[in-house]
There are 2 protein chains.
Amino acid sequence: MAHPKPGFPEPEHNHGVCVADALAAAAERCAARGARLTDIRREVLEVVWSSHRPIGAYDILADLGRDGRRLAPPTVYRALDFLLEHGLVHRVASRNAFFGCPSPGHATAVELLICTECGSAVEVQEQRVSAAVAGAATRHDFEVLPQTIEILGRCAACRAAA
Amino acid sequence: MAHPKPGFPEPEHNHGVCVADALAAAAERCAARGARLTDIRREVLEVVWSSHRPIGAYDILADLGRDGRRLAPPTVYRALDFLLEHGLVHRVASRNAFFGCPSPGHATAVELLICTECGSAVEVQEQRVSAAVAGAATRHDFEVLPQTIEILGRCAACRAAA
DNA sequence: CGCTCGACTGTTATAATATAACATCAATGC
DNA sequence: GCATTGATGTTATATTATAACAGTCGAGCG
Ligand SMILES: [Zn+2]
Ligand SMILES: [Zn+2]
Ligand SMILES: [Zn+2]
Ligand SMILES: [Zn+2]
C-alpha cells in the first residue's frame, strides 16, 4: 500500500505505513545497487522518517542514543552521507537538516515545500518548476545540477490555525 | 552607470562600479527607510561586494580584521542581520554565506544561480520560475513566503574551462 | 548644561553543526 | 593464515551562529 495521497500528510494518517514503505524502498534500492544497508544506516533512515519534518543530525544522534548507546557525530554523519549518496534522503540546507526521500531514484528534479511554522515538509515533482528553472539556466548559459529546490512557506494546517 | 550586462559578470569587468553602485543604492535605501548605515554596516556590505561570490561571515570577519582591528563574530552577524532586514544582502543557505543584492527592494521573488565550481553567483528575476513555484504552491495548498530560490550548477566560464 | 533613553558596538562565553585523523573490527578472497 | 576492503569506534577539532551583559554615544528634553 503506497502513501494514500500526495501533498502534506494528514495529521491522522497511518505513519507506520510511511516508514515501512520507505525502509522497503531503501532495502530494494540498496540491493539493486550493491550497497549495504547496515543496521546503523537503517536506524538513521528510520529516525529520519520518524516524522514528516526535516531533522537535524544531532537530533538523530540524540534519538539513537536514547537507549543507552553512545554514538558519536561521525557515525551519524557517515550514515547520512551514505543515504545521501544513494538518494534515500535529501539535505535541507535552509534548515541544516535531512529529509527522507519518498521516491528514491526519481529521474526528475524535485522540489521541497517546507512549512516555516510547523517545520513539516513535502516532496513534490512539479514539471513546470523544473522546466522554468531549466529555461532560466539556459538563458544565462548556466548548467543546472541535479538538486532539490527548497521552497519556504506556510502549510494549509498552519494557515488554518492562524 | 549601471552594471553593463545581466548574467554572470565578465572576468574583466570594472568591478569598482559594482561596489560603488551597491553602496550608493544601500545608502539611498537606508535614507528612505530611516535606517542608519553605520561604518561597520557599510564596511561589511563592502566586503560582501568585494567579489561576485557569496562570502561566509567568518571570511568577512577576517577581511575586516586585516588592518589590525579585532572584531568579534557578533559584530559581523549583527551587521549582516541589519543588511538582511533591509534587503541589502541575501542569505545563501546552501553555502552558509551571504551575497550582495544588486536590486535592493525588488518587488518580485528572485533566484540565485550559484556555480558550485568557482563559487560565483548571479541574481536573476525569472517570471516563469516564480510563476511555476506559485502554481505548485497553490496546487498543494501552500502559501509561499518571499524568499530567494537557490539554483546550483556550473557557469559558462567553468564549463568552458573543463 | 546634566540627564535619560535608545540604538549601536564591545566582549566573553557558549551553542549548534560538521569534519579530520587515526584506531579497530569484521567479512571476503587468496 | 593473511592481506584487502569497507564499516564503525573514538578523540579531537573546525566551522558557523547566538546568548548575555557591559560600555559608548548622540538625540532630545527639562
Ligand atoms: Zn507519514
Ligand atoms: Zn505547517
Ligand atoms: Zn562586479
Ligand atoms: Zn563557475
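How far is a phosphate oxygen of DNA strand D from an N or O atom in the side chain of Y77(B)? In this predicted model, the distance is 2.9 Å.

An N or O atom in the side chain of R41(A) is 3.3 Å from a phosphate oxygen of DNA strand D, and for a polar side-chain atom of T75(A) the distance is 3.5 Å. Two or more residues of the surface near DNA strand D come from each of α2 (39-48) and α4 (73-85) of chain A, and from α4 (73-85) of chain B. The largest share, four residues, belongs to α4(B).

In total, 15 residues surround DNA strand D, and T38(A), R78(A), Y58(B), P74(B) and Y77(B) are the closest.

I now come to the zinc ion, ligand 2. Its donors are the SG atoms of C115(A), C118(A), C155(A) and C158(A), at 2.1 to 2.4 Å. The angles among these four donor atoms run from 104 to 118 degrees, and the site is tetrahedral. Along the sequence, the donor residues follow the spacing C-x2-C-x36-C-x2-C. C118(A) lies in the loop between β3 (110-115) and β4 (121-124) of chain A, while C158(A) lies in helix α6 (residues 156-161) of chain A, so the pair ties together parts that are 40 residues apart in sequence.

Are these two cysteines buried or exposed? C118(A) is partly exposed, because its relative accessibility is 33%, whereas C158(A), at 12%, is buried.

Conventions:
Residues numbered from 1 in each chain as written. Chains lettered and ligands numbered in written order. Predicted model: local features only at pLDDT ≥ 70, side-chain atom pairs only at ≥ 80, totals over all residues. Heavy atoms only, no water. Near = heavy atom within 4 Å. Polar contact = N/O pair within 3.5 Å; in protein donor to acceptor, adjacent residues only side chain to side chain. Donors = N, O, S within 2.8 Å, 3.2 Å for Na, K, Ca; no water. Tetrahedral: all angles 85-135°; square planar, octahedral: opposite > 155°, others 65-115°. Buried < 20%, exposed > 50% of the residue type's maximum accessible area, 1.4 Å probe, protein only.
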